[in-house]
Amino acid sequence: MTAAETRELAAATQKPAAATRELAGQAALVTGASRGIGRAIALEIAAAGAAVMVAYHRQREKAEAVAAAIRASGGEAAPFQLDVRDPAACEAAVAATVDRFGRIDVLVNNAGTALEKLLVDTTPAEWADLVAVHLTGMYACTRAALPHMVARRYGRIITISSIWGITGAAGEVAYSAVKAGQNGFTRALAQEVGAFGVTVNAVAPGAIDTEMNSFLQGDDLEEWLRRVPAGRLGTPEEVAALVRFLAGPRAGFITGQVISPNGGAVV
Ligand code: NAP
């Protein structure tokens with residue numbers, strides 16, 4: 001290849017993908033979409049054309065702002081209050097998505113809380129809360145959405161797990177356990193529903209720059225970054241770009257996978 005051809009190829013690969021609206025006509029429910037990774041996912045899949053139910057727990061104004069931003073760009077979106085620890089509320093969120101947009105094609109189980117504690121200091125209530133948010137919430141939202149997807153022989157279920165669900169982390173045993181549970185759920189359910197055109201995947205990010213990681217400062221941050229070949233935290237938008245691909249029609253052969261955008265921290 002000549003030098004000119006090499007330059008041309010490099011330039012071509014650096015061009016942004018042609019603007020597509022691969023999710024036009026579809027509808028999505030994103031939990032924990034008021035801020036952080038969920039917010040970026042809601043904006044990204046709305047940019048791909050999906051109508052989005054922007055679920056939030058406590059921060060209604062932030063969810064309203066996300067929905068307003070989507071509508072201002074010509075998309076469809078509405079905020080919805082949802083505590084994923086309550087299975088009946090998860091059913092109501094899926095029903096509201098179908099009522100409002102006529103369908104549900106994409107479910108993103110993103111809502112989450114972290115817990116930085118040694119196992120011996122983790123109380124039964126804290127343990128139960130993490131299980132409720134990450135496992136019960138995922139189970140209940142997915143169980144409610146699946147019949148709609150199976151009936152139409154198409155669906156995308158994407159759960160935001162964590163790198164700690166793959167490797168485990170000292171000081172975050174309970175969090176690692178529920179994230180590993182999400183990965184197991186993903187692998188099993190993918191096998192159960194694959195024949196119905198529904199894909200089930202987990203995205204397991206490394207450290208991403210959100211409020212959840214605001215405790216990571218100073219020496220702790222530097223120590224972590226020494227372990228990351230990319231030398232930086234990831235952005236919510238980088239996670240959202242992967243979710244957008246998995247949510248789209250071109251990802252139909254990807255199912256049961258746990259994909260980890262982590263800057264090379266685990267290879
Ligand atoms: P974040 O900025 O702290 O946002 C958390 C989101 O979850 C908020 O929208 C919050 O809603 C919602 N939420 C919390 N408890 C809820 C509940 N009981 N019911 C429904 N929604 C609830 O967190 P993030 O960093 O974006 O994390 C999003 C997901 O990515 C989580 O599952 C997390 O475990 C995972 N993750 C994060 C990282 C990271 O480095 N940040 C890395 C790996 C995985 P309100 O705003 O309304 O309170």
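How many residues surround the ligand, and which are the closest?

## Ligand shell

In this predicted model, the ligand is surrounded by 33 residues. Ser34, Arg35, Tyr175, Thr210 and Asn213 are the closest of these. Sorted by class, the shell around the ligand consists of 14 polar, 13 nonpolar and six charged residues.

For Arg58, a backbone N or O atom is 2.7 Å from a ligand oxygen atom. Two further distances involve nitrogen atoms of the ligand: a polar backbone atom of Val84 lies 3.0 Å from a ligand nitrogen, and a backbone N or O atom of Leu82 lies 3.5 Å from a ligand nitrogen. On its own the ligand has 910 Å² of accessible area, and the protein covers 95% of this.

## The pocket that holds the ligand

The volume of the largest pocket is about 1,200 Å³. Its lining comprises 49 residues, and those closest to the pocket centre are Thr113, Ala114, Tyr175, Met212 and Asn213. At least two lining residues come from each of H2, H5, H7 and helix H8 (218-226). The lining of the largest pocket divides into 20 nonpolar, 17 polar and twelve charged residues.

## The cavity

How many cavities of 30 Å³ or more does a search of the whole structure find? The search returns one. The largest cavity contains about 40 Å³ of space.

The residues lining the largest cavity are Thr31, Val84, Asn109, Ala111, Val133, His134, Gly137, Met138, Cys141 and Gln182. Val84, which lines the largest cavity, also has the polar backbone atom 3.0 Å from a nitrogen atom of the ligand. Helix H5 (residues 124-152) gives the largest share of the lining, five residues. By class, the lining of the largest cavity holds five nonpolar and five polar residues, with no charged residue.

## Backbone at Arg153

Which residue other than glycine has a positive phi near 55 degrees? Arg153 has this value. Arg153 is placed in the loop between H5 and strand S5 (155-160).

Conventions: Residues numbered from 1 in each chain as written. Predicted model: local features only at pLDDT ≥ 70, side-chain atom pairs only at ≥ 80, totals over all residues. Heavy atoms only, no water. 1 Å grid on protein atoms, 1.4 Å probe; cavity = no way out; pocket = protein on both sides within 12 Å on 5 of 7 lines; lining within 4 Å. Points joined across faces, edges and corners; volume = space filled by probe spheres on them. Helix = DSSP H or I, 4+ residues; strand = E, 2+ residues; numbered from the N terminus. Nonpolar A, V, L, I, M, F, W, Y, C, P; charged D, E, K, R; others polar. Near = heavy atom within 4 Å. Polar contact = N/O pair within 3.5 Å; in protein donor to acceptor, adjacent residues only side chain to side chain. Areas by Shrake-Rupley, 256 points an atom, 1.4 Å probe, with all protein chains shown as cover.
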